[in-house]
Amino acid sequence: MRCQNCKKQTATVHLTDLLKGEKHERHLCEECAVKEKITAKTHPPSINDVLNSFLMSQSVVKELGKLKCPDCGMSFVEFRSQGLLGCPNDYDVFDQALSSVIERAQDGETQHIGKSPGESADIDPIQRERLKLQRELREAVKAENYELAAELRDRLEEMHSE
Amino acid sequence: MTLDDLINSCGEWLAVGGQFSDVVISSRIRLARNLKKYPFLSKASTKQQTEIEHKLFDAITSCNFGKNAFYVDINKSDSLDRQLLVERHLISKQHAEGQGSRGVMISGNETLALMINEEDHLRIQVLRRGMNLDDAWSEINQVDTILESAVDFAYHKQFGYLTACPTNVGTGLRVSVMLHLPALRFTNEIEKVFRAAKDMKLAVRGLYGEGTDAIGDFFQVSNQTTLGQTEEEILSSFKAVVIPSIVKYEQEARQVLIKEKPAAVDDKVWRALGMLENARAISSEEVLFLLSHLRMGVVLERVKHIDLSVINELFIATQSAHLQKRYGKKLDGEERSIARADYIRDRLGRAKPSDN
Ligand SMILES: [Zn+2]
Ligand SMILES: [Zn+2]
């Protein structure tokens, strides 16, 4: 759905106003929503903003035009127009060009420092069992099955003391 | 547990309670993940998209996320069922309106939802009532870790978890806290909220237009960046700074209002109740707007005979798909307005103190 205001960008802000008891639906892009003070200007710009401004600041459009992922066939030009990548490999294929898009979209950050799949290697089977029991307990309580809940609670307590 | 059972319950996350429940409606955490060996959805063939759904479905099933969990094949669901799930925040609008093989696994208490083939192959969502990000994070982190023992997610040394849109890359973590801020709106101090959030790279969204009477006074605070901070760091900007200060501003504004303009507050609140108790046809937007005022009255104990849980229930139960499910048939706009007003009158009638 296109923005009703500029009719160019994708509408990402959907709102319903109530004016004198009458309903008004509006669909705006981030930028137009900010202009109308419906949403606050967000710190980092949206992917559309980034890609648009990125286009303008590049005199090497032709160079970038050649970039294409051999795995999925996504070209940088196509990515630029739709804002979505084609496959994990694109992150390497589009390398530098994508890095600067990411840097701007992520407020200057370019390096992940959070969780990684390696952490799953040491998943504790006891921990997994505990999670399962906790969930079953919540559901038993919700279903008012207090007999089962008491049993599950006992088993959880046993695990704690082990 | 099936979809039709949903309309008779309220979803644990919408029950009353949790920290700051006078101001914070709910906390939500979402993780975006993609399978390593498949293209993202924009380049996945119909066959690949189906394979992705099967693979993730099998992985999720093998992880056993609770006995009462159930799967909804969104591709085979009718529009009413899809709308019902959107109204309960169990799938996104985008997921409802998407195409091809896709579905959602929902835990029996509706606090966990795993959306398959939304914008990414997998979106894990955990919901909690009130402000409860620690608990939400602990659950979603466990679910993610357990799933990782069953499937390989696309991960990059530099960019972290890879996502279809680069705005989600890194942690893939999106935190949203839903707030009810009627007093800050009433006293025109909502700017305070934007200021509190801005320095922490958080975005505030309100579903209203400037200079008009808004629907609701509901605001959502969420993080805008997903890369370069640990999950704990992202969470702590909400927990330690932004949410407590917004809550404090709202609570202070409420106290000032009660002290300085008690009649104006009561007028709003009781008018809202009067409309809800007497309307014979009412739109869902107007209901939201009136429930917002009534909620403020209940929280501030200006209205004592209605429980907050009734209001929370009405938020969900008065939406279009819920009404049509309850009546068991398609209703046009006018019929829905009448059904909605009937339902509200009935529900509030039952909440009334009896005469004896
Ligand atoms: Zn626009
Ligand atoms: Zn590719």
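The legends below describe views of chain A in a predicted model.

**View 1. Overall arrangement of chain A.** The secondary structure of chain A consists of 8 helices and 2 strands. Read from the N terminus, the order of elements is β-β-α-α-α-α-α-α-α-α. Chain A has 162 residues, and 40% of them count as buried. Among contacts in chain A with a separation of 6 or more, 31% join residues 24 or more positions apart.

**View 2. Buried residues of helix α6 in chain A.** Helix α6 covers residues 95–105. Its buried residues are A:A97, A:L98, A:S99, A:V101, A:I102 and A:A105. In an α-helix there are 3.6 residues a turn, so residues three or four places apart point the same way.

**View 3. Negative surface patch with residues A:E147 and A:D154.** The patch is formed by A:E147, A:E151, A:D154, A:E157 and A:E158. One of these residues, A:D154, is found in helix α8, which spans residues 146–161 of chain A.

**View 4. Accessibility of A:D154.** A:D154 has a relative accessibility of 46%. Partly exposed residues fall between the buried limit of under 20% and the exposed limit of over 50%, so A:D154 counts as partly exposed. A:D154 is also a member of the negative surface patch.

Definitions and conventions: Residues are numbered from 1 along each chain as its sequence is written. Chains are lettered from A and ligands numbered from 1 in the order in which they are written. This is a predicted model: local features need pLDDT of at least 70, side-chain atom pairs count only at pLDDT 80 or more; totals for chains, interfaces and linings use all residues. Side-chain values use heavy atoms; hydrogens and water are left out. Patches are made of residues with over 30% relative accessible area and no salt bridge: like charges are joined within 9 Å, nonpolar side chains (Val, Leu, Ile, Met, Phe, Trp, Tyr) within 5 Å. Accessible areas come from the Shrake-Rupley method with a 1.4 Å probe; for residues, only the protein chains shown count as cover. A salt bridge is a side-chain nitrogen of Lys or Arg within 4 Å of a carboxyl oxygen of Asp or Glu. Lys and Arg count as positive and Asp and Glu as negative; His and the chain ends are not counted. The place of a charge is taken as NZ of Lys, CZ of Arg, CG of Asp or CD of Glu. Helices (H or I, at least four residues) and strands (E, at least two) are DSSP runs, numbered from the N terminus. Buried means under 20% relative accessible area, exposed over 50%, partly exposed in between (1.4 Å probe, protein chains only). Contact means heavy atoms within 4.5 Å.
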